[in-house]
Amino acid sequence: MPPIKRTKFKLALEQLLEMFYWLKLIRGFDERLSILVKQGKVRSGVYTGIGQEAIIVGTCFGLQKDDFVCPLHRDMGAFLMKGVDARTMMSQMFAKSTGLSKGRDSALHSGVTELGIFGNTSMLGANLPVAAGLALTFKMEQKPNVVVAYFGEGASNTGDFHEALNFAGVQRLPILFVCENNQYAYSVPLEKSMAIEDVADRAEGYGFDGVSINGNDVLAVYQATQGALARARSGEGPTLIECKTYRWHGHSEHDKAFYRTEEELAMWKSRDPIPTFTTYLKDLHALTDDKLKEIEGRVAATIDDALEFAMNAPDPKAEDATTDLYA
Amino acid sequence: MPKELTYLEAIREALIEEMQRDPKVFVLGEDVGPYGGAFGVTQGLHEMFGELRVMDTPISESAIVGISIGAALRGYRPVAEMQFADFISCGFDQITNQAATLRYRYGGRATVPIVVRAPSGGNVGGGLYHSQNPEGWFIHRPGLKVVAPSTAYDAKGLLKAAIRDDNPVVYFEHKYLYRRAKGPVPEGDELVPIGVAATRREGDDITLVTYGAMVTPSLEAADRLSKEGVEVEVIDLRSLMPFDKEALFRSVEKTNRALIVHEDVKTLGIGAELSAVLMEERFDHLDAPVLRVTYPDTHCPFSNILERANLPDADKIAEGLRRLAAY
């Protein structure tokens, strides 16, 4: 397999700070949700992506409006970065009528077509054929847009994964398959669910390139993404990027995650994507103490505002349990 | 004399006319391309519309449906072919969990205008996996529409209506009827509306409700009963979800007796639902229990002797009518 070319990129300091803001906002949002579950204020359906934020920020940063993302249940950040406001997302978690699904489902089982977001069901991997369908329309229209489709290493064992990647390979679709390899499919560790180490190896079987990268390095993710996007936009077909990472919390907030050791968790926490990037930005003199304080304030204000909005938002009406089934 | 087409030709003509009318309509499935489909339904379409609008796919039923959903989200109207209705189980999740729920979980802000064509039914020597009538699975899933034409006229008119419908529609086309049913077809923009039954024979004594390949033997049985002094009204449902409750009620209010005939298995086939609805809403009009003549609760065997033992025919239907008349 030919190696994936390193893509040069240049980001202005403001862009780097924007990336930093997104990392902090997504982390902050999930941390707040985790607390709200413990307080019994959010009913259930909270699957945080704490520890995995660099993947979403590195892949979503700089996407075009018409590009599509097909996020997972942990990818709140993809919704936010693609343009859904924090109030709407918090409403969604509170099952309020102001949420995307108007209280009909929790978490991220919704989407906004105008913003280029397709949210999956609970059937992991089932978003991938839909992502291929979206990408097929870009090919039909010869539009230079792309689809970024996310999946976990667990979902790479499903039939839908195989069917979608195979089809994308055959049709040379403008699509980027992003594997968030966080080592566990709920409780089952990687080595119990696949006989290879790298999900990226699977791409070869579909006739396109796959690469494994450090998913906790936002700039590494961004760099790999830019290369893959350029290829997809110019008609060179799909790429699989496997981002190695780790989820700090359990599968859901109700999962105590006893299936892994404290040492393992501590090791991965030492690879937290945010401090690494903070140090990088400070070394560049892009992030001053004042700037850091300003960003942290903006993050806290956004989340506080979203929370207040959601808690005071109207509940769904009982009759809406049976509406919107048919157009 | 008006043009007459076979049921199969009527389906093809509907596809061609809709594809000519609307560039967003396209066809995908296994062997639908240059080969023209396993039964020849899409013969000639590949030459007319090219490989992006008449697309051969890998053997990937789940992806075929998922791709259709993705394309539909971007405004396309895909017509997905399951080579045999029996294979629809491989695309079950995408139909029932993805397509059927999408509008609901999007808070009413999305439509999924896909058609899944499913060649169904027995009496063709197909055996266990080329004879099934799985319509019950989909009638049971809110968010889907289900149709099953019995004539060339309805095959064309209902397919055109299904393609123009903004909801996911599962279109059961009966293989036994492909070349046996022949007749006039609607022209131009004339559609057969989804949800409207057709009265195939009028009668005052018994209402017989059926659809698909069971219409012809039902009419034959009705003719026999007529000679015995019992006039049977035969209603062809055409649409199974939504079904035409009003037509059913109008007839039963007149006849006070109902027999339901279907090729699907008995337990929880649509007959169970029709019977329950009559009990709940027209109990005062019934002079006899609602009876059913259906396939028994078993698989579709290959041997002609075994299959004939299972399939409802004019003899079995006439017997059911006599039992009902005796009340």
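This is a predicted model: local features need pLDDT of at least 70, side-chain atom pairs count only at pLDDT 80 or more; totals for chains, interfaces and linings use all residues.
1. **Two domains in chain B.** Where they touch, domain 1 of chain B gives 26 residues and domain 2 of chain B gives 22 residues. On the domain 1 side, α5 (135-139), β6 (145-147), α6 (152-164) and β7 (169-174) of chain B each give two or more residues. By class, that side has 11 nonpolar, 12 polar and three charged residues.

2. **The largest nonpolar core.** This core has 194 residues. Those with the most contacts inside it are A:A131, A:A132, A:A149, A:I175 and B:L321. Helix α1 (residues 13-38) of chain A supplies the largest share, 10 residues. Both domain 1 (4-184) and domain 2 (198-325) of chain B give residues to this core, so it lies between them. As background, nonpolar side chains tend to be buried together in soluble globular proteins.

3. What does B:L321 touch, leaving aside residues up to four places away in sequence? Its contacts are B:I206, B:L208, B:A221, B:L225, B:V230, B:V232 and B:L259.

4. **Where the chains meet.** Here 32 residues of chain B are in contact with 33 residues of chain A. On the chain B side, α3 (61-73) and α4 each supply at least two residues. Which element gives the most to that side? It is α3(B), with nine residues. By class, the chain B side has 12 nonpolar, 15 polar and five charged residues.

5. **Helix α4 of chain B.** This helix has 14 residues. From first C-alpha to last, α4(B) reaches 18 Å, close to the 20 Å expected at 1.5 Å a residue. Is α4(B) mostly covered or mostly open? Mostly covered: 12 of its 14 residues are buried. Among them are B:D93, B:I95, B:L102, B:R103 and B:Y104. The buried residues of α4(B) pack against α5 (127-141) of chain A, and also against α3, β5, α5 and β7 of chain B. Just after the helix, B:G107 takes a positive phi of about 65°.

6. **A buried loop residue.** B:A110 sits in the loop between α4 (92-105) and β5 (115-120) of chain B. Why does B:A110 count as buried? Because B:A110 has 21 C-beta neighbours inside 10 Å, and 20 or more is the cut-off. Not counting residues up to four places away in sequence, B:A110 touches A:T113, B:L73, B:L102 and B:R103. B:A110 and B:N167 are 57 residues apart in sequence, yet their C-alpha atoms are 9.8 Å apart in space.

7. **Backbone spots to check by eye.** Most residues other than glycine have a negative phi, and most peptide bonds are trans. A:Q142 has a positive phi near 50°. A:Q142 lies in the loop between α5 and β2 (147-152) of chain A. A:Q142 is exposed, with 7 other C-beta atoms within 10 Å. B:L268 also has a positive phi, about 60°. B:L268 is in the loop between β13 (258-265) and α9 (270-282) of chain B. With 14 other C-beta atoms within 10 Å, B:L268 is partly exposed.

8. **A cis peptide bond.** The bond joining B:M241 and B:P242 is cis, with omega about -5°. B:P242 belongs to the loop between β12 (239-241) and α8 (245-255) of chain B.

Key
Residues are numbered from 1 along each chain as its sequence is written. Chains are lettered from A and ligands numbered from 1 in the order in which they are written. Helices (H or I, at least four residues) and strands (E, at least two) are DSSP runs, numbered from the N terminus. Two residues are in contact if their C-beta atoms, placed from the backbone, lie within 7 Å. A nonpolar core is a set of buried Ala, Val, Leu, Ile, Met, Phe, Trp, Tyr and Cys residues joined through C-beta atoms within 7 Å. Domain bounds come from an automatic or database domain assignment. Ala, Val, Leu, Ile, Met, Phe, Trp, Tyr, Cys and Pro count as nonpolar, Asp, Glu, Lys and Arg as charged, and the others, Gly among them, as polar. The expected span of a helix is 1.5 Å times one less than its number of residues.
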